[in-house]
Amino acid sequence: MQRRTISSLAALLTAVLAFGLSAPAQATPPYGPDTEYVALGDSFSSGLGATGSSPGGCGTSPNGYPTLWAEQHGITSFIDASCGGATTEDVLSTQLSALSATTDVVTITIGGNDAVLGNLVTNCLLGNAQCNTVNQQFAVDLPGYLAKVEATYAAIRDAAPNADVYVLGYPHIFETGWFCYGLFVPNQYQRQKIVASIDLFDNGLGELATDAGFHWVDVRSIFSGHNVCSLQPWVRSVVDLPPVHPNDNGYRFGYLAALTAVTG
């Protein structure tokens, strides 16, 4: 019995040496050239702030995360319906028609214009008292903003019943440490107020996305250390045009990287 076992092991080793071990199958992204992809959303989807951004209209840039992601996966059936300044109403009235039952993937960043996130920054620059007031009002109005987003998610599911939907949120925009590299920025207290409101908003967006059966792509952590006030910001400053939007690195190393981590 022992001789037979040793003989069997020897035969097995010989076979392995002759033919090699079979490597485990490598996981491949589920998306490729045959994928039908539609990008929806506001300026954070269209790529406003990246090089190549169109000066008028929607501000669409080939360096925005939708185009980068489509190119990364070799997708040829790609519609970018996103547009700078878009609200949830704009998605429903002008962007939703790009979807169909054959749509495989949808990405969207939306809600920031409904919530007037830029208003938080502008008012905080006017002083602590004004910053407190506008952020307190934001918290009061938040359920209304989120209700609009929820209705938009439902409409997306109806229009693209078979699609994988990826909802990408918003970065903190500002670092909250005491020191800040930059001019004309809110002070530390004001930046903390802005970030707290963005957290409330992003947390709400994430919950709604999950409830809708969508994939939530949180970009806050990947932008950490690269917001306004950092040495290597991925977000444009308040004096840039456009202000407080991702730059090329923000879209590529922030948004695209976060989306790829979820989609493959």
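1. Asp218 is partly exposed, with a relative accessible area of 29% (buried means under 20%, exposed over 50%, partly exposed in between, with a 1.4 Å probe and protein chains only). Its side chain meets that of Arg220 in a salt bridge, 2.7 Å from N to O (a side-chain nitrogen of Lys or Arg within 4 Å of a carboxyl oxygen of Asp or Glu).

2. This is a predicted model, in which local features need pLDDT of at least 70, side-chain atom pairs count only at pLDDT 80 or more, and totals for chains, interfaces and linings use all residues. Residues are numbered from 1 along each chain as its sequence is written, and side-chain values use heavy atoms, leaving out hydrogens and water.

3. Arg220 is buried, at 11% relative accessible area. Arg220 also forms a salt bridge with Asp199, with the closest N and O atoms 2.8 Å apart. Asp199 lies in helix α7 and Arg220 in helix α8 (residues 220-223), so the pair ties together parts 21 residues apart in sequence (helices are DSSP runs of H or I, at least four residues, and strands runs of E, at least two, numbered from the N terminus).

4. Asp202 is buried, with a relative accessible area of 0%. The closest N and O atoms of Arg220 and Asp202 are 3.6 Å apart in their salt bridge.

5. Five strands form an open sheet in the order β2-β1-β3-β4-β5, with parallel pairing (strands pair if DSSP finds at least two bridges between them). Strands β2 (77-80) and β5 (215-217) stand at the edges, each with a single partner strand, so one side of each has no neighbour in the sheet.
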